[in-house]
Amino acid sequence: MKEFAYIHEEGTLPEPLDRIPFFESFQSRHLNDILYSSYFIQADPGDEIIKEGQDDSRIFILLTGKLQVRKNGEEIAAITKPGEIFGELAAVSDEKRSASVVAQANTLCLVIDQEFLKEIKPEEDNASYYAA
């Protein structure tokens, strides 16, 4: 599995990210902050993206590829649609990962740290943050 920095043109949401509903709820200023703190992972078939029982605060967005969700080694679901979010349950509940996620094909995901998302607040609630 390989990790790549995410570099984008400020103020724009490039393809295929512009078609992902997750990003629609953020203001453009927040989108830039999110994208600057994000990165890509490229996984080959068999690569384990999430390991069951792991402590982790990242959420993932499938961009291309196919993933299998496994609990106790048994397949329980598949993630196949670009824009699908996974890993969010453990990230928001502060619990260990309840299942593993394994690439079934060459896969590209955007990775966002949930801890960073907790810092994003409306400008009127956090004016000093946005003034910096």
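## A stacked pair and an open sheet

Me: Is F86 buried or exposed?
Reply: F86 is buried, at 5% relative accessibility. Buried means under 20% relative accessible area, exposed over 50%, partly exposed in between (1.4 Å probe, protein chains only).

Me: Where do these values come from?
Reply: This is a predicted model: local features need pLDDT of at least 70, side-chain atom pairs need 80 or more, and totals for chains, interfaces and linings use all residues. Numbering starts from 1 along each chain as its sequence is written, and side-chain values use heavy atoms, leaving out hydrogens and water.

Me: How many aromatic pairs are there?
Reply: One. F60 and F86 are stacked, 5.1 Å centre to centre with 10° between the planes. Rings of Phe, Tyr and Trp (its six-membered ring) pair if their centres lie within 6.5 Å; planes under 30 degrees apart count as stacked, over 60 as edge-to-face, the rest as tilted.

Me: Which parts does that pair tie together?
Reply: F60 lies in strand β4 (residues 58-64) and F86 in strand β7, so the pair links parts 26 residues apart in sequence. Strands (E, at least two residues) are DSSP runs, like helices (H or I, at least four), numbered from the N terminus.

Me: And F60, buried or exposed?
Reply: F60 is buried, at 0% relative accessible area.

Me: New topic. What order do the sheet strands take?
Reply: β1-β2-β9-β4-β7, open and antiparallel. Two strands pair if DSSP finds at least two bridges between them.

Me: Which are the edge strands?
Reply: β1 (2-5) and β7 (85-86), each pairing on one side only.
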